[in-house]
Structure formats: C-alpha cells, structure tokens
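Hi there,

Here is the model I promised to pass on to you. Have a look at it first, and then read on for what I found.

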Amino acid sequence: MDDLLREFITETNESLDVVDVELVKFEQEPNNATILDNIFRLVHTIKGTCGFLGLPRLEGIAHAAETLMGKFREGAPVTQEAVSIILSSIDKIKDILAELEAAEGEEPQGDDSELIGKLEEMSAKADVAMANGGVAEEEPALAEDPAQPAETDSGPPDQSLERPLRPGEVSLDELERAFRETEIEVEIAETSVDEDAADEAIAEAAAEEQRATEKPKPEVTVERKPAAAASAESQKAEAGDKKSSGNSVSNQSIRVAVDTLEHLMTMVSELVLTRNQLLEIVRRHEDSEFKVPLQRLSNVTAELQEGVMATRMQPIGNAWQKLPRIVRDLSQDLDKPIDLEMIGADTELDRQVLEMIKDPLTHMVRNSADHGLELPEARRAAGKPEKGKITLAAYHEGGHIIIEVRDDGKGLDVEKIKAKVLERGLATEAEFDKMSDAQIHKFIFAAGFSTAAEVTSVSGRGVGMDVVRNNIELIGGTVDLRSTQGKGTSFIIKIPLTLAIVSTLIVEAGGDRFAIPQLSVVELVRVQHNSEHRIERIKDTPVLRLRNKLLPLVHMSHLLGIVDEAKAEEAFDADNGFIVVMQVGSQTFGVVVDGVFHTEEIVVKPMSTMLRNLTMFSGNTILGDGSVIMIIDPNGVASAMASHASSAVTEQAEEEAEDLSRRADTGQNAISLLLFRAGAPEPKAVPLSLVTRLEEFEVNKIERSNGRDLVQYRGALMPLVYVNEGDRHKTDGTQPMLVFSDSGRSMGLVVDEIVDIVEDRMNIEVGSERPGILGSAIVKERATEIIDLGYYLPQAFEDWFMRKEMDIQALTKKVLFVDDSAFFRNMLTPVLKAAGYDVTTCGSASQAFEMLENGAKFHAVVSDIEMPEINGFEFCESLRRDPRFRNMPILALSAMVTPASIERGRQAGFDDYVAKFDRPGLIAALKDVFSGEMGVAA
Amino acid sequence: MTMLENKVTAGSDMIQYVTVVIGGQLFGLPISQVHDVFVPESVTRVPLSAPEVAGVLNLRGRIVTAINMRRRLHLPPLEEGQMMAVGIEYKHESYGLVIDTVGEVLTLPASSAEPNPSNLDKRWAEISGGVHRLDGRLMVILDVSRLLGAMFTEPMVAA
C-alpha cells in the first residue's frame with residue numbers, strides 16, 4: 001500500500017470520527033450552520049480524495065451523502081431519518097475503509113446501490129420539502145454568486161451546487177476531473193495536505209487551468225472562470241479567517257508515527273536508567289566533581305522524560321469520540337431519550353492506557369443506557385425528567401486518572417442481584433445478611449453475571465461487567481460503583497496515568513532477584529519462628545494465619561523451579577523470611593521470598609520472543625546497578641499457584657472428586673419423586689418407587705367402619721390414612737390417593753392433589769421433628785416435605801411390619817445400620833425396627849468403627865455402599881480383617897445394583913447385597929443371614 | 001592481509017567469518033551477523049526457561065538473551081576460564097552466543113564450503129550450515145537462523 005493511500009485512510013478515519021460526533025450534535029441543533037459546514041466539508045474532502053485515488057465505491061457513497069447534506073445546507077428540514085441514513089452511509093464508508101486497509105489498498109467489491117438509492121430518495125424528499133417552503137430565504141446564502149464572496153459565512157465555498165445546472169454550467173465534479181487530468185503534481189500535494197491547503201490547491205489548479213492551452217473542456221473553463229476565481233479568492237479569505245480563529249492549533253501540530261514516539265520513549269527510558277546508574281556511582285564517591293554536572297543532567301533528563309511522556313498523552317476525549325453516536329443509536333433503539341454529558345474530555349492520559357479503556361468505557365455507557373436508564377414513562381412516574389442523562393467525567397487525582405460513568409436511572413436493584421447471585425450459587429442467603437448493599441452491588445462484576453432480565457441486542461449477554469473489570473485491572477486500575485435506588489448508578493474507574501513506568505518491589509528468592517509489581521502487592525509479612533506470624537502446615541501445604549484468615553503460601557523458588565533442593569527445604573523449614581501477600585483478581589495468596597530489598601520504579605521492557613512462553617514473567621528491565629531483573633507477572637503466579645496447589649493435593653482432590661461422585665450416587669442421586677399436596681398448600685413428596693399405584697375413588701365409595709375410612713379395593717378393604725390427623729376426605733367428586741401395597745395388604749394415603757413426578761436430587765436439608773415428615777428438601781426449587789412412610793404404614797395396619805413371622809429371637813438381634821444419607825437412615829430405621837430389630841444408626845463407616853471398637857455388640861451390620869471417606873466395600877473389607885467380625889453377617893445396601901457391584905460386594909465379604917427401597921428384600925435378607933448363622937451355630 | 005584487502009577480496013563469492021571456539025571445535029559465524037564481541041558479565045538467570053538459555057544481561061542498555069552454546073551443542077560446561085560472547089541480531093532482537101574464545105576473521109570462498117558429513121551428530125547437523133576445510137582443522141559454519149529458530153519452535157528442546 002503506498003504512503004498516499006495510508007495517509008488517506010488515517011486521515012479519513014479521523015475525519016469520519018469527527019463527522020459522527022458532529023452529526024449527532026447537528027441532529028440536536030439543526031439550525032447550527034457551523035456544524036453542518038464542518039460535516040459537509042469533511043465529507044466533501046473524503047469524496048474528493050476518493051476520486052483522486054480511484055476508489056469509486058467510496059466516492060459514490062460520499063457523493064450521495066454529500067448531496068443530501070447539501071440539501072440541509074439549502075434549508076431542507078433535518079429529519080432523524082435523514083441523519084440516520086447519513087450515519088449509516090458513514091458506517092459503510094468506514095467498513096469499506098477497513099477492508100481497504102486490510103486488502104492493502106484494493107477497494108473491496110460490493111454493491112452500494114441500495115444505500116445510494118436511499119440517500120438519493122432522501123435528497124429528493126428534501127427537495128420536495130424545500131420546495132414547500134424555506135427556499136426563498138435560503139437562496140442568498142448559497143455561495144454561488146460570484147459577486148458576493150463575503151457571503152461565504154457558511155464555511156468553504158459551495159463546491160457542489162445541489163440544484164439543476166443552469167445552461168452553460170457544469171458540475172464542479174467535472175471541473176475537478178478536468179483539473180485532475182491537467183495537473184498531476186498538484187493533486188498529489190492536495191491529498192497529503194489538510195483540507196484548507198486542498199482548497200488552495202484547487203484554486204491554484206484553477207489558475208493553472210486558465211493558463212493551460214489544451215483543456216479537456218475549454219468551454220467549461222471559460223464559462224466558469226469568474227466563479228472559480230471568485231471561489232478561490234473566497235477560499236483564501238475563508239482560510240485566513242479560520243487560521244485566525246479556531247483552526248490555528250492544527251497548523252501547529254504535526255503527525256508523527258507512533259513507532260517514532262515509542263522509540264523515543266524507549267530511548268528516554270534508557271537515559272533515565274543510565275542516569276540512575278550514574279547517580280548510584282556518584283553516591284558512593286564523596287566529593288566527586290561529577291556531582292554538579294550530574295545534577296544538571298539529572299534535571300534535564302527528568303524534564304526530557306516528562307516531555308516525551310507528554311507526547312504519548314492524549315485527551316481522553318479521543319476515547320469518547322464514538323460515544324455520542326453510540327448513545328444516539330441506543331436512544332433510538334431503546335426508545336429512551338438520552339442526554340450524554342462529557343466533562344473533562346481534555347484530561348490527558350497515556351495513549352496505551354487510552355486504547356485499553358476504550359472498550360470497557362463503551363460497554364459501560366451501553367450498560368447505563370440499556371439497564372440503568374428507565375423508559376420515559378417510568379421516569380415520569382418517578383418524577384424525573386423524561387430525558388435520561390449519562391454523564392462521563394474525567395479528572396486527575398494523584399498519579400491516577402478517575403473516570404466516572406454516571407446515569408440518573410433507577411439504580412441497581414439489590415433484590416434482583418441477590419436473586420441472581422443465589423441462582424448462580426455465588427453466595428448464600430446467610431452471607432447476604434452480613435453484606436451491605438454496596439457489597440451486594442459488587443456482584444455485578446462477578447463472572448457471567450447480567451441483571452438484564454432479557455438479553456437485548458445492546459447488552460445483557462452476561463459477559464459484561466466482569467470483562468470490564470478484568471480489562472481495567474489488567475492495566476492496574478480499579479473499578480468501583482455507587483448506586484442509589486431510584487437515583488442512579490455511577491461507576492468510578494481509577495487507572496494509572498501510564499503503563500510505561502511501574503513501581504516494583506525487589507525481592508530475592510533462590511539467590512536471584514525479582515521484581516514484583518507493587519500494584520498486586522497487598523502487604524508484606526515478616527515471619528519468624530517465634531513471632532506471632534509463623535508458617536503452619538496442613539499436610540505439606542504451608543499456610544499463614546493472617547487476621548483470622550488462612551492464606552495459602554507458596555515459596556517463590558518452588559514456583560520458579562530454582563530450588564536448590566537441600567537448601568530450600570532448610571530455608572522453608574526455618575520458617576524465617578518474608579511473605580509477599582499478593583492479590584490477583586479475587587485470589588489472595590502469599591509468596592514466600594528470602595529477602596525484600598526496596599521498591600524501584602522501573603521501565604518494563606518486553607522479553608525476548610524466545611522467553612515469552614514463560615507465563616511467570618511479564619518482562620524484564622535494567623536496574624539502577626546495571627543488572628537485568630525479571631519482572632514477575634502476578635497473573636502467572638496466580639495461575640501457577642492454583643496448579644501448584646492442585647498438584648500438591650492431587651490425591652486429595654481425586655478423593656474429593658470421588659466422594660462427590662459417590663455422594664451423587666447416594667443422597668444426592670436423582671431419584672423419581674412423586675409430588676403431591678395434602679392437608680396444606682406446601683408440596684410434599686415421597687419416593688415414587690415406594691408407591692404401588694395412584695388411584696382415584698368416588699367419594700361415595702369411601703366407607704366408614706370401625707372409626708376409620710376404608711374403601712373396597714381389589715376385593716379387600718383398604719384402610720385410608722390421612723397425612724395429618726383430623727384431615728377429612730373430600731365431600732364430593734373423586735378422591736385421589738396413593739396406594740402402598742405389600743404382601744397383599746394395601747393402604748391408601750389420602751391426598752388433595754397429585755402434582756407431579758420429578759427426577760431430582762433428594763437432599764434433605766432440614767430434618768424434621770414432626771412425626772410423619774422426614775424433613776424438607778428442595779424439589780423443583782421449592783421447599784418440599786418428604787413424608788415418612790414408615791410412620792403411616794403402621795397406622796393402616798398396626799402390625800404392618802410385624803406381622804411377618806416376627807419372633808422373639810429377632811427382637812433381640814441388634815443391627816447396626818450405616819448410611820451417610822439421613823434420608824435413608826430415617827426411612828429404613830422404622831422399617832427395621834418394625835421388623836423387630838434393635839437398630840442403631842450411624843452416618844459413616846468411621847463412626848461405625850468407633851462404635852465397634854468401643855465394644856458395642858451387634859448381631860449384624862447393614863451398610864450403605866456409597867459413602868464418603870470410607871465406602872461400604874472398604875468398610876466391609878476392614879471388618880472382615882478383624883477376627884472379631886469375621887463371621888458377623890454384613891449386608892450391603894445400595895442404590896446401584898448391578899452384577900458387577902454384587903460381585904464386588906461378595907469379594908469385599910458382604911453376605912448379601914440389597915437394593916435400597918427394596919424393604920421386603922432387606923427384611924428377608926436379614927432373616928436369611930440370621931437363620932443361616934443360626935444354622936451354622938447349630 | 002589487512003582489513004582493507006580483506007574487504008576487497010570479499011567479493012560475492014567470498015564470505016568473511018568470525019571464528020569462535022566452542023569445546024575445542026572451531027566454528028565460523030558470517031561476519032555480517034556478528035554485531036559485537038563481549039565478555040558476558042552479571043548474567044541474570046531466567047527460571048523455567050530452556051536449559052540453553054544462560055540468562056539475560058545488560059549490554060550497553062539493551063537486554064540481551066544469552067545462549068549457552070556449549071549446552072546448545074550438548075557439550076560439557078567449561079570448567080574454568082573466562083567465557084566470551086558473540087552478539088548477534090535475530091528478528092530484531094539481540095542475542096549473545098556464549099562461547100569459549102573468539103578467534104580471528106577468515107575470508108573464505110563460499111564455494112569451498114562442503115555440506116555436513118552425513119555422520120555428523122544430528123544435534124550439530126541441525127545448526128550447521130556446512131564445513132570449511134582449513135589448514136589442519138575444520139571449521140563448522142554456524143547457521144544462526146537455524147540455531148535460534150529451533151529454539152523458538154521447540155522452546156524446551158533437549159530438556
């Protein structure tokens with residue numbers, strides 16, 4: 001791509017940004033001729049240059065847009081629709097430019113006829129509108145009259161006469177083309193200078209043309225001559241005017257490639273470093289004659305550094321440039337009138353930082369417009385002006401720049417955030433109780449959080465604020481927010497002025513020095529064997545008690561793999577040293593170092609590409625003493641910390657993972673639950689596997705006999721049981737009930753309504769003291785009472801559990817029932833008790849061991865398989881190893897009954913393997929083992 | 001032969017080499033690639049880097065990545081004596097090849113270079129651009145881009 005084109009692209013992009021802003025302003029103040037002139041001039045320049053460079057697509061669009069704007073200048077009413085179409089054509093131009101840049105100067109293929117058509121249509125409309133009025137008074141304002149050069153108050157001369165050409169006239173475009181064909185040098189000059197000069201160039205070209213003998217269209221020139229000359233004159237006058245007024249700044253600035261500045265910056269950094277070195281040397285020599293000149297050098301260097309830094313500084317307004325346009329579009333999309341106020345746009349900050357905050361800022365403004373501001377009706381109802389207001393403010397504070405994004409909308413909804421946080425499981429209700437509203441507000445920065453009830457095209461995709469926070473933190477900034485319900489929200493971003501110089505803490509580890517950026521250092525803790533702060537260990541993991549919190553520790557030399565094995569162990573064991581408490585994101589940890597020196601301001605230099613794969617370092621630099629030091633990347637340490645910790649506790653983690661899966665198999669296993677309502681509006685549930693049938697009976701079929709309700713069911717009388725004592729069945733219609741059957745006997749549990757059957761984890765969270773209720777669990781996001789069948793069955797038949805050959809012997813049998821799930825303990829204990837066993841329960845194998853060790857005697861053990869820590873198989877195996885329990889009957893109870901698990905159970909030494917929920921099976925198995933035992937004994 | 005003559009004779013078919021000795025073996029680096037020769041001092045170790053990376057050092061305000069050539073060539077470390085380094089530039093970054101000693105500048109015809117003998121240690125062959133037969137000794141041409149390039153693609157080579 002040649003320089004000309006590159007220059008053009010850069011310049012045009014800049015112009016377009018200005019046009020964006022100006023157009024939005026213009027829409028609000030359609031009568032402001034200065035703004036319109038500005039826009040017009042910029043678009044015109046773009047059009048002209050495109051023509052020169054042979055970019056027909058761009059030229060076409062720019063021309064059509066210019067035409068439409070010409071109508072505005074002539075007094076056509078400015079409609080929102082028209083502005084929108086111009087804005088979209090500007091967008092199109094931008095797109096094409098981007099492609100042009102990517103394709104190294106090749107204009108992309110494409111068809112813009114639709115857009116151009118729209119623009120033309122709009123121009124035609126504007127014509128009609130104009131014809132209906134306003135033309136007359138606007139007419140004199142047109143700079144077409146060569147006799148009135150003073151009339152050019154509306155900016156540069158009107159180069160495109162947006163009216164039908166009069167006889168003998170020719171369009172200025174054609175005239176320009178004629179210029180182009182005559183004088184090439186001038187054209188090139190024109191593209192590379194700013195538009196004032198460009199205008200002059202045209203004037204010169206016009207003059208040139210007058211002198212030229214062979215003209216492409218001589219008659220045109222002759223006809224136009226006075227006009228062209230006049231316009232040239234007026235241009236000069238105009239240009240002179242402008243120079244004396246606002247435009248003087250642009251003439252005093254030059255465009256410098258960023259690379260040049262970067263290089264300059266590096267060189268100055270070098271100079272600063274060298275000066276520091278010199279200062280250090282001189283410090284060691286008293287009465288050095290270098291002292292005075294060095295002082296001078298030092299001052300000059302400092303000034304130079306400041307100066308060069310200043311060249312990197314840009315007003316923050318540059319980052320805001322796109323916002324008016326975005327807000328305008330949003331305001332239309334969302335039907336919310338929005339006023340964007342920008343304060344302190346000239347506050348300067350480092351170019352690099354500027355680039356980094358552009359996107360977060362845009363995102364926040366979008367958020368404010370979308371979520372923050374209410375719809376006009378809501379605002380009116382709240383007694384606020386209909387037009388919402390978003391304020392952007394920037395100012396310096398210390399070495400930082402503060403940027404505030406403020407809206408006067410509804411503020412953050414604490415309840416909504418809470419609900420969302422609960423849903424995401426980021427915190428619990430109990431934790432909320434301890435939090436202030438401000439703390440709860442901060443949850444919006446949590447990953448994957450979005451409070452917008454509905455995802456809109458504008459925002460609310462849930463990648464919002466956490467990304468914003470990350471981006472800001474990446475450059476060492478912080479973001480805070482203040483929100484008042486009904487009043488509005490403001491986000492306060494605090495970022496350092498520059499990234500070029502970083503304050504670091506110099507530490508030593510494993511004999512080498514490293515620099516840790518101060519930004520991530522929270523505090524330093526000195527640890528000594530006998531001091532209040534000492535390193536403690538959990539297994540082999542070092543931790544530090546710091547203000548009642550446990551801080552995970554890692555030794556830096558371990559992290560960096562520079563352990564001199566024998567030595568490091570020693571150092572670590574001695575427990576002397578410093579702990580650098582670092583915070584990265586939400587992660588806080590301590591890095592143990594051997595020594596801490598001092599803090600030093602350093603200029604970060606990128607590492608060689610060969611070393612860039614090292615995530616632990618973010619760069620390197622030369623210290624005052626001339627040595628190179630590696631700069632620790634806190635993010636790298638944080639992630640290494642995580643993996644380091646995980647490798648140390650891999651086994652543990654694996655066990656935990658197993659536990660989790662086990663847990664999932666048992667108590668938290670998804671099982672089918674039958675949801676129903678009975679006696680009370682709260683849902684109740686019973687495991688579906690226990691229910692034999694769901695039945696409905698005509699109410700009149702319910703008979704009363706012997707003081708209880710019965711129905712005839714399959715040739716027998718089935719007693720009805722109510723969930724709450726004193727409940728009545730319905731008086732008419734049909735009565736739903738759950739039928740439980742066992743060995744030919746049935747019981748009907750009267751319910752009001754059968755709600756649903758769900759697959760869910762049943763985790764009884766709150767135990768119950770009430771008979772008939774095992775406890776409460778969350779089923780389908782509602783607290784649900786799990787009923788205890790063991791309580792109801794004997795109500796139907798008192799001997800429900802006892803009728804089966806219950807003998808005296810059984811009663812004397814003591815059974816130990818081991819299950820980690822409270823539900824099953826509660827569920828099966830009555831069953832076993834009812835069958836005549838003396839049941840003792842415990843929640844884990846280790847508890848069982850303890851009981852057995854303490855001499856508790858049992859005739860049999862019934863153990864769950866899937867338990868945390870020690871599972872049923874291991875439990876059984878270890879019991880079998882003990883001679884005391886070698887012959888004790890042990891039954892396995894599991895939710896998972898597969899041939900493989902039964903085989904595994906047999907190998908572990910179980911006498912039998914019974915499925916949970918198979919109550920008769922359990923009773924039968926127990927009976928079997930006891931009879932077998934007795935058989936053996938006999 | 002004076003420097004001037006050297007330059008004059010260094011026509012298109014003549015290449016000037018800076019000779020260096022690594023572990024007793026003579027190597028040649030094209031002079032166009034050698035920026036300076038220096039004594040590597042206060043080299044800062046870079047933890048977790050490839051073993052051949054000796055560290056980073058400050059060479060007149062520039063941070064130079066030092067490559068331990070003995071380790072790169074799988075030779076035992078130098079027992080004693082002052083190491084030297086040859087400063088080269090590769091892809092706009094400065095590297096220092098830490099070697100035993102620097103020899104002289106030789107001007108050799110490009111045509112007299114022979115390809116690597118087929119039985120050359122593979123680890124050597126991958127960084128050697130050929131061999132020159134000199135009086136009584138052989139000079140292996142160090143191919144800088146292959147030497148450093150291989151370390152980018154496989155940063156953990158020869159771990």
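Let me start with one residue in chain B. B:Ser49 counts as buried, because it has 24 C-beta neighbours inside 10 Å, and 20 or more are enough for that class. Do keep in mind throughout that this is a predicted model. B:Ser49 belongs to the loop between β3 (34-38) and β4 (53-59) of chain B. What does B:Ser49 touch, leaving aside its neighbours within four places in sequence? The answer lies in the other chain: B:Ser49 is in contact with A:Leu611 and A:Leu614.

B:Leu48 counts as partly exposed because 19 other C-beta atoms lie within 10 Å. B:Ser42 is likewise found in the loop between β3 and β4, and has a positive phi too, of about 40 degrees, although it is not a glycine. Is B:Ser42 buried or exposed? With 11 C-beta neighbours inside 10 Å, B:Ser42 counts as exposed. As background, most residues other than glycine have a negative phi.

Now to the contact between the chains. In total, 22 residues of chain A are in contact with 19 residues of chain B. Which elements of chain A each supply at least two residues of the side that touches chain B? They are α12, β17 and β18 (628-632). Sorted by class, this side of chain A has 11 nonpolar, eight polar and three charged residues.

Helix α12 deserves a paragraph of its own. It covers residues 258-284 of chain A, 27 residues in all, and spans 39 Å from its first C-alpha to its last, close to the 39 Å expected at 1.5 Å a residue. Within α12(A), A:Ser269, A:Val272, A:Leu273 and A:Asn276 are buried. What do the buried residues of α12(A) pack against? Their partners in chain A are α13 (291-312), β16 (595-603) and β17 (617-622).

The pairing of α12(A) with α13(A) can be described in some detail. The two helices pack at an angle of about 155 degrees, with their axes 9 Å apart. They are therefore roughly antiparallel to each other, the cut-off for that being an angle over 145 degrees. The crossing of α12(A) past α13(A) is left-handed. On the α12(A) side, the residues that meet α13(A) include A:Leu261, A:Leu264, A:Val268, A:Val272 and A:Arg275. On the α13(A) side, A:Leu294, A:Leu297, A:Thr301, A:Leu304 and A:Arg312 are among the residues that α12(A) meets. By class, this contact has 13 nonpolar, four polar and three charged residues.

Helix α3 (residues 56-73) and helix α4 (residues 80-102) pack at an angle of about 160 degrees, and their axes are 10 Å apart. That angle makes α3(A) roughly antiparallel to α4(A). Here, too, the crossing is left-handed. From α3(A), the contact takes in A:Ile61, A:Ala65, A:Leu68 and A:Met69, among others, while α4(A) brings residues including A:Ile86, A:Ser89, A:Lys92 and A:Ile93. Of the residues in this contact, 11 are nonpolar, one is polar and two are charged.

Finally, some overall figures for each chain:

- Chain A has 32 helices and 35 strands. Buried residues make up 35% of its 938 residues. Among its contacts between residues at least 6 apart in sequence, 64% join residues at least 24 apart.
- Chain B has four helices and 10 strands, and from the N terminus on its elements run α-β-β-β-β-β-α-β-β-β-α-β-β-α. Of its 159 residues, 33% are buried. Residues 24 or more positions apart account for 54% of its contacts with a separation of 6 or more.

Enjoy looking through it!

Best wishes

Methods:
Residues numbered from 1 in each chain as written. Chains lettered and ligands numbered in written order. Predicted model: local features only at pLDDT ≥ 70, side-chain atom pairs only at ≥ 80, totals over all residues. Expected span 1.5 Å × (residues − 1). Buried ≥ 20, exposed ≤ 12 C-beta atoms within 10 Å, placed from the backbone. Contact = placed C-beta atoms within 7 Å. Nonpolar A, V, L, I, M, F, W, Y, C, P; charged D, E, K, R; others polar. Axes fitted to C-alpha atoms, helices over the stretch in contact; angles between N-to-C directions. Parallel < 35°, antiparallel > 145°, perpendicular 65-115°, else oblique. Left-handed = near helix turned anticlockwise from the far one by under 90°.
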